[in-house]
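Subject: Handing over a structure

Hello,

Here is the structure I promised to pass on to you. Please open it first, and then read my notes below alongside it.

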Amino acid sequence: MSGKKLSGEVFYPSEEVIERAHIKDWEKLNAEASDDNEKFWEDRAEELHWFQKWDKVIDDSIKPFYKWFTNAKTNIAYNCLDVHVETYRRNKLALIWEGEKGDFQAMSYYALHRETCKFANVLRSLGVEKGDRVTIYMGRIPEIMIAMLACARVGAIHSVVYGGFSVEALHERIEDSESKVLIVQDGAYQRGKIVPLKEIADEALKRAGGIEHVVVVKRTGQDVNMEFGRDMWYHELMNLPIATKECTLEKMDAEDPLFILYTSGTTGKPKAILHTHGGYMVGTYTTLKYVFDIHDDDRFWCAADPGWITGHSYIVYGPLLTGATSFMYEGAPNYPYPNRWWSMIERYGINILYTAPTAIRGLMRFGDAWVKRHDLSSLRILGSVGEPINPEAWKWYNRVVGNEKCPIMDTWWQTETGMFMIAPMPSVPLKPGSGTKPFPGIDMDIVDEEGNSVKSGEEGFLVIKTPWPAMLRTIYKDPDRYVEQYWSKYPGMYMTGDSAKKDEDGYFWIIGRVDDVLKVSGYRLGTAEIESALVSHDAVAEAAAIGLPHDVKGNAIHAYVILRAGVQQSSELKEELKKHVGHEMGPIAKPENIDFVDSLPKTRSGKIMRRVLKAKALGQDPGNISTLDE
Ligand code: PRX
């Protein structure tokens with residue numbers, strides 16, 4: 001990044017990578033963005049289509065309710081599809097998809113545009129209007145992309161619920177969003193088994209009101225309950241005369257909501273993070289283009305799930321905005337064998353692979369031979385996201401998968417940020433385990449309790465000091481919580497909830513969460529949500545959940561449970577409680593281990609001191625326990 005010699009272990013990019021990169025001189029771009037942040041983003045916005053241009057790039061008159069590209073008119077779905085259909089990209093592949101069973105589908109920009117328009121007409125015929133919420137509860141199949149884009153086209157706000165969530169998680173997200181329509185699959189393939197999404201949805205709908213119509217995509221084909229008047233098959237709706245390929249597009253204000261996405265916080269109730277059409281579009285487009293150096297002939301594989309922000313921004317919106325070909329795979333990485341991913345990279349000629357450290361560690365366990373069976377020479381760039389990547393996994397990824405020629409883009413960001421915030425570009429020297437520096441135009445710092453910058457090498461709270469285009473605008477229906485959660489600790493600074501350090505070269509090193517949020521296999525879960533799932537079982541009086549280090553998952557959930565009076569402890573009950581959490585929240589939230597206890601460490605005001613539990617489990621000193629109740 002600078003001419004000076006960098007400290008520590010450094011990997012310099014090859015001439016070949018620099019030669020091809022959009023951004024050969026990171027320093028220059030960063031200086032340009034720091035000098036005039038508004039102009040920097042305005043220039044990037046100019047590369048996209050607007051029905052009407054903005055009055056102002058940033059409106060900060062009511063902080064922290066920032067607005068971007070005020071009074072501009074656009075639609076992200078128009079930029080994802082219509083603009084390409086007007087060019088030579090019409091017949092280019094927008095999406096390549098492989099099912100877990102080995103089935104395959106490819107859709108050109110023309111085809112994806114057509115299917116999106118048809119489904120947008122279907123949504124309108126079901127009464128969906130601009131501003132209405134639509135819940136999408138699906139796995140990784142092409143129709144999830146069509147459903148999201150169709151919502152955007154008609155101006156509806158999609159709320160995608162990850163297909164790995166279960167009854168209660170889905171219920172509370174449907175209820176909170178006040179969705180009118182639910183789009184679901186009969187089932188999803190996962191490791192050769194069927195996850196009965198429609199059945200789970202039926203149970204959730206018994207608990208939640210408000211859904212008028214359920215659209216069911218047939219994927220696994222088993223018998224499912226179809227409630228007359230409420231449930232309809234996707235393929236039948238798409239064959240109706242109303243499902244024409246002409247569909248008027250809703251011209252959206254840049255600040256109109258595009259989607260809400262629920263994420264875990266410090267309380268039991270997940271937060272609906274709200275993103276908009278304009279700023280989110282500019283942010284995801286620019287970051288993907290520069291960080292993964294997207295060129296027109298690239299096949300980009302973000303191996304996340306569309307149900308999380310990574311999938312929203314970098315399977316669906318980002319790749320289509322840049323006119324790339326996005327690859328989506330339905331199933332498990334090691335199904336039927338541990339070479340599944342490598343085989344697909346070889347067969348489809350994937351150029352860029354973006355995944356999470358947990359997946360890398362999981363595949364690394366199977367050994368190099370599974371990778372080496374395949375020709376991965378199409379790969380040019382690799383990426384990592386979701387949690388800090390340990391140097392051992394970084395090096396394996398670099399050596400075995402990337403053949404020491406693919407730079408690894410370690411991207412730090414959040415559901416709330418919408419786009420990459422700390423990330424290198426291919427021409428930037430890398431240090432394993434660091435995402436390098438904030439993206440140009442992003443001002444981030446590490447501060448102490450009082451909000452003062454800490455010295456290099458010291459640990460502190462990671463904050464963001466300037467607004468950015470893809471920033472969340474609010475927590476849906478809860479603006480007070482938005483202010484309280486993110487902007488109240490230090491006025492004018494966004495609190496990320498992470499701790500971090502900066503080294504002498506200005507490189508950022510993420511340490512982890514400082515709140516009661518856990519990253520388990522890269523998934524974000526709140527300890528409070530796991531606890532409330534446990535407490536919803538009749539046998540449980542109180543519960544506490546913590547994360548303990550795990551070789552593959554990063555963190556594994558350990559729970560401490562106080563049983564109700566008269567309930568007998570048993571190993572069967574432990575298994576039943578794990579199953580119960582799986583049923584209510586989803587398999588990802590199942591505790592690895594449950595201990596029955598008589599009491600929990602609490603503060604005098606009754607808050608569970610999870611750090612005391614964690615220190616005890618790890619045999620460490622619990623630190624300051626002056627607030628611990630007797
Ligand atoms: O703790 C950070 C971690 O993931 C959190 C955000 O989680 P979520 O909203 O689910 O979004 C994940 C994908 C964007 C952050 O607060 N995190 C994310 N990326 C990294 C990371 N920690 C270290 N390094 C990363 N590259």
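Let me start with the ligand. The shell around the ligand is made of 6 nonpolar, 5 polar and 6 charged residues.

Before going on, a word on the source. This is a predicted model, in which local features need pLDDT of at least 70 and side-chain atom pairs count only at pLDDT 80 or more, while totals for chains, interfaces and linings use all residues. Residues are numbered from 1 along each chain as its sequence is written, and side-chain values use heavy atoms, with hydrogens and water left out.

Back to the ligand. Of the 17 residues around the ligand, those that come nearest are Asp410, Thr411, Thr415, Lys519 and Arg524; a residue is near a molecule if one of its heavy atoms lies within 4 Å of it. Asp410 places a polar side-chain atom 2.7 Å from a nitrogen atom of the ligand. Gln414 has a polar side-chain atom 2.9 Å from an oxygen atom of the ligand, and an N or O atom in the side chain of Arg513 is 2.8 Å from a ligand oxygen atom. The ligand taken alone exposes 550 Å², and the protein buries 96% of that (areas by the Shrake-Rupley method with a 1.4 Å probe; for residues, only the protein chains shown count as cover). Helix 11 (309–321), strand 20 (408–411) and strand 25 (508–513) are the elements that give two or more residues to this shell. Helices (H or I, at least four residues) and strands (E, at least two) are DSSP runs, numbered from the N terminus.

Why is helix 11 said to be largely enclosed by the rest of the structure? Because 13 of its 13 residues are buried, where buried means under 20% relative accessible area, exposed over 50%, and partly exposed in between (1.4 Å probe, protein chains only). Helix 11 is followed by Gly323, which has a positive phi near 75°.

The largest nonpolar core has 151 residues, and Phe119 and Phe292 have the most contacts inside it. A nonpolar core is a set of buried Ala, Val, Leu, Ile, Met, Phe, Trp, Tyr and Cys residues joined through side-chain atoms within 4.5 Å. Helix 6 (residues 142–154) gives the largest share of this core, 10 residues. Leaving out residues up to four places away in sequence, Phe119 touches Ile146, Ala147, Ala150, Ile183, Val215, Tyr234 and Met238 (contact means heavy atoms within 4.5 Å). There is also a second, separate core of 44 residues, with Phe165, Ala204, Ala559 and Val581 among them.

Some loop residues are worth a visit too. Asn339 sits in the loop between strand 17 (325–329) and helix 12 (340–348) and counts as buried, at 10% relative accessibility. Its side chain makes a polar contact with the side chain of His374, at 3.1 Å. A polar contact is a pair of N or O atoms within 3.5 Å; within protein, one must be able to donate a hydrogen and the other to accept it, and residues adjacent in sequence count only if both atoms are side-chain atoms. Asn351 is buried at 14% relative accessibility, and a polar atom of its side chain is 3.3 Å from the backbone oxygen of Ser378.

Finally, some backbone details. Most residues other than glycine have a negative phi, and most peptide bonds are trans. Here, the peptide bond from Lys63 to Pro64 is cis, with omega near 0°, and so is the one from Tyr335 to Pro336, with omega near -5°. Arg191 is not a glycine, yet has a positive phi of about 55°; it is partly exposed, with a relative accessible area of 44%. Asn403, in the loop between helix 15 (391–401) and strand 20, also has a positive phi, near 50°.

Terms used:
Ala, Val, Leu, Ile, Met, Phe, Trp, Tyr, Cys and Pro count as nonpolar, Asp, Glu, Lys and Arg as charged, and the others, Gly among them, as polar.
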